[in-house]
Amino acid sequence: MSWERVFVGLGVFLILLGLAFIVAPLIVKHLPSISLERIPWIVLWVYRKDNFWFATSPILIIAGIAYIIWTLIRIGIFK
């Protein structure tokens, strides 16, 4: 399998994951029976204060940091 196919597959996966995180708040808003507290914190972390909501995924943050470190090692920054 060529590298291009791997990166295209990863890109499609990340786009679909991003869309899921965009649609998830809309679904929760319209279906009150779904509770954010039932979603594991490693999948979706929500910070609420007054009328401000911030949601992120610790898994995506960890994957992003790992990718940056891997890229820096590959180009030779950490020799």
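Modeller: What follows is a short tour of selected features, and please keep in mind that the model is predicted.

Colleague: Let's start with the surface, then: which residues make the nonpolar patch?

Modeller: The patch is made by Val8, Val12, Ile15, Leu16, Leu19, Ile22, Val23 and Ile27, and together they give a nonpolar surface of about 730 Å².

Colleague: Take Ile15 from that list; where is it found, and is it buried or exposed?

Modeller: Ile15 is found in helix H1, which covers residues 3-30, and it counts as exposed because its relative accessible area is 55%, where the cut-off for that label is over 50%.

Colleague: And Pro25, where does that one sit?

Modeller: Pro25 is found in helix H1 and is partly exposed, with a relative accessible area of 46%. In sequence Pro25 and Ala55 are 30 residues apart, while their C-alpha atoms are 9.1 Å apart in space.

Colleague: Changing topic to the strands, in which sense do S1 and S2 pair?

Modeller: Strand S1, residues 45-49, and strand S2, residues 52-56, pair in the antiparallel sense, and five bridges connect them. Within that pairing Trp45 stands opposite Thr56 of S2, and Arg48 has Trp53 in S2 as its bridge partner.

Colleague: How many residues lie between the strands of that hairpin?

Modeller: The hairpin of S1 and S2 has two residues between the strands, and Asp50 takes a positive phi there, near 55°.

Colleague: What about the aromatics; how many pairs does a search of the whole structure find?

Modeller: The search finds three aromatic pairs. In the pair of Trp45 and Tyr47 the ring centres are 6.3 Å apart and the planes stand at 25°, so this pair is stacked, given that planes under 30 degrees apart count as stacked.

Colleague: One more before I go: where does Ser57 lie, and why does it count as buried?

Modeller: Ser57 lies in the loop between S2 and helix H2, which spans 58-75. Ser57 counts as buried because its relative accessible area is 5%, and the label applies under 20%.

Colleague: Which residues does Ser57 touch?

Modeller: If residues up to four places away in sequence are not counted, Ser57 touches Phe21, Ile42 and Val43.

Technical notes. Residues numbered from 1 in each chain as written. Predicted model: local features only at pLDDT ≥ 70, side-chain atom pairs only at ≥ 80, totals over all residues. Heavy atoms only, no water. Patch = residues over 30% accessible without salt bridge, like charges linked within 9 Å, V, L, I, M, F, W, Y side chains within 5 Å. Areas by Shrake-Rupley, 256 points an atom, 1.4 Å probe, with all protein chains shown as cover. Salt bridge = Lys/Arg side-chain N within 4 Å of Asp/Glu carboxyl O. Helix = DSSP H or I, 4+ residues; strand = E, 2+ residues; numbered from the N terminus. Buried < 20%, exposed > 50% of the residue type's maximum accessible area, 1.4 Å probe, protein only. Pairing = 2+ DSSP bridges. Contact = heavy atoms within 4.5 Å. Phe/Tyr/Trp six-rings, centres within 6.5 Å; stacked < 30°, edge-to-face > 60°.
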